[in-house]
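This report describes a protein chain for a reader who is new to structural analysis. Please consult the sequence and the structure shown here while reading.

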Amino acid sequence: MKKSKPRIVKFVSYFFILQFCYAGISKLLDFENFQAQISASPLLNKLSQFLLYTIIIVEFLVTGLLCYRKTRNIGLISSIILMLIFSGYIALLLSTSDHLPCSCGGILEKMSWHQHLYFNIGCVILSVIALGLNLKYSRHAE
C-alpha cells in the first residue's frame with residue numbers, strides 16, 4: 001500500500017500536467033478563437049486582454065510546478081486553486097447568464113456546462129487527495 005500512495009500522487013500530477021499543457025497549447029494554437037470566446041463572456045469581457053495571456057501562462061506554470069518532486073505540493077495547491085476558480089466561474093455563468101461561451105478545447109468542449117462543472121469538481125477532489133497523500137508521503141520520506 002505504501003508504494004501505491006506515491007503512484008497515486010504521480011498519476012494525478014501527470015493527469016494535471018497533461019490537462020494544463022493540452023489546454024495551454026490548444027489556446028495558443030487557436031488564439032483568435034480563445035480571444036473571441038473570452039471577450040464574449042459577460043463576466044470576463046472587461047478583463048479579457050489581461051486574462052488572455054494570464055490563463056495560458058498560469059496553466060504552463062502549474063504544469064512546470066507539477067513536474068518536479070520539490071515543487072509538486074505547490075503545483076497541487078495551484079491546481080486546486082485554478083480548478084476552484086474555473087469551477088466558480090462556471091457556476092456563476094450557469095446561475096447568471098444565458099449565453100455561455102466556452103474557451104475550452106478537446107473533450108471539455110464537447111461536454112455540457114453541468115458536465116464540465118462536475119468534471120472540475122472531480123479534479124479538485126483528485127488534487128486534494130493527491131496533495132494530502134504527497135504531504136503525508138513526503139514527511140515520511142525525510
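## Surface and burial

Of the 142 residues in the chain, 38% are buried, where buried means under 20% relative accessible area, exposed over 50%, and partly exposed in between (1.4 Å probe, protein chains only).

The model is predicted: local features need pLDDT of at least 70, side-chain atom pairs count only at pLDDT 80 or more, and totals for chains, interfaces and linings use all residues. Residues are numbered from 1 along each chain as its sequence is written, and side-chain values use heavy atoms, with hydrogens and water left out.

## Secondary structure

The chain has six helices and zero strands. Helices (H or I, at least four residues) and strands (E, at least two) are DSSP runs, numbered from the N terminus.

## Contacts along the chain

Among contacts with a separation of 6 or more, 70% join residues 24 or more positions apart; contact means heavy atoms within 4.5 Å.

## Tyr 137

Tyr 137 belongs to helix 6 (residues 113-141). This residue counts as partly exposed because its relative accessibility is 37%. Tyr 137 and Lys 5 are separated by 132 residues in sequence, yet their C-alpha atoms are 7.3 Å apart in space.
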